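Have the structure open while you read.

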Amino acid sequence: MANEYENEILYHYTDFQALDGILRCAQLRVNNTLNMNDAAEMSHFMSRLCSAVTRKLEGEGREERAKQIRNLFREELKKEFYYSAYAACFSLRRDDAAQWERYANRGRGVCIAFRRGFLQKMVDGELTLQSVFYLNDMAEHSLVEVFYRLADEGRDLSGDNPEVKEAMNEAWSCSAAFKHPSFSSEEEVRLVVSPFTKGYFDVKPCYHVSQERIKKYYPLDLKSMCCRIGIGLEELISEIIIGPESTQSKSILQDYLQDNSMCDLAEKVSLSDCPLRKPPI
């Protein structure tokens, strides 16, 4: 049976420094989600999940169990950084104005098109490729029933209970692929790793130091990941789009690719057609 994502393309909007890291260094960074523009979404997901569970319990007059659930989630939210996931973000939308503005240096960056079928084959063990889901009311989420059953069966609702801990790990993992419905037009897909859920993650964390702050990330070795499924990096990437506000010369970018032994990619460079509104002079 053919891979359902075989012909689907995922677009990664970024800047030219990141492009150099991905192509010349064959390194894809997964960044801490707390450093992203939607950093509050993990805690938002957990808070909404808590509210959905407690509403169900309170609707049955079980105020004490609802209170215990609230206390459980309150303590868990204090551990947000420990549970934080790391992700590389992609979109199903090609040459999209909002993506250029938000993630590609206000349109001055670049968009790298990845073949999803290959990415899907490359994820292994600690990595998952997750489609982001957009919800505000968690009432229908499957985890509501998981926590409701834990409360309904009268079990210990402390974080020391292995069943509660397992449910919380699953909840934090799900939160890494959650965003508020106002972001739904992005049609986002994330390459996610949640180190806290893994017994062994064989990638050493790194730190990027800028004038403003220090960011933690994990560098993924694209070369070895491609080798594992029998392809080259140039097969993984189907297109490179220069941003609509970029001053980058197409011919210079092609020279860069050719001089770095990526001649096939040089033929895949295009210019954005997106008519971003230019700021007033």
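This is a predicted model: local features need pLDDT of at least 70, side-chain atom pairs count only at pLDDT 80 or more; totals for chains, interfaces and linings use all residues.

**Salt bridges**

How many salt bridges does the structure hold? The count comes to 13. Three of them are set out here.

| Pair | N to O distance | Relative accessible area |
|---|---|---|
| Glu58 and Arg70 | 2.7 Å | Glu58 29%, Arg70 29% |
| Arg93 and Asp96 | 3.1 Å | Arg93 33%, Asp96 13% |
| Glu188 and Arg190 | 2.6 Å | Glu188 6%, Arg190 4% |

Take the pair of Glu58 and Arg70, whose side chains meet at 2.7 Å. Glu58 sits in helix α2 (residues 41–59) and Arg70 in helix α3 (residues 63–77), so this bridge ties together parts that are 12 residues apart in sequence. Glu58 is partly exposed, and Arg70 is partly exposed too.

Arg93 counts as partly exposed at 33%, whereas Asp96 is buried at 13%, because buried means under 20% relative accessible area.

Then there's Glu188 with Arg190, bridged at 2.6 Å.

**Two loop residues with positive phi**

Which loop holds Asp95? You'll find Asp95 between β3 (86–91) and α5 (97–103). Its phi is near 50 degrees, a positive value in a residue other than glycine. Asp95 is buried, with a relative accessible area of 13%.

Asn105 also has a positive phi, near 55 degrees, and again the residue is not a glycine. Asn105 lies in the loop that runs between α5 and β4 (110–115). With 40% relative accessible area, Asn105 is partly exposed.

**A nonpolar patch**

Which residues make the nonpolar surface patch? Tyr207, Val209 and Ile214 do, and the patch covers about 350 Å². To find Tyr207, look in strand β9 (residues 206–209).

Technical notes: Residues are numbered from 1 along each chain as its sequence is written. Side-chain values use heavy atoms; hydrogens and water are left out. Patches are made of residues with over 30% relative accessible area and no salt bridge: like charges are joined within 9 Å, nonpolar side chains (Val, Leu, Ile, Met, Phe, Trp, Tyr) within 5 Å. Accessible areas come from the Shrake-Rupley method with a 1.4 Å probe; for residues, only the protein chains shown count as cover. Helices (H or I, at least four residues) and strands (E, at least two) are DSSP runs, numbered from the N terminus. Buried means under 20% relative accessible area, exposed over 50%, partly exposed in between (1.4 Å probe, protein chains only).
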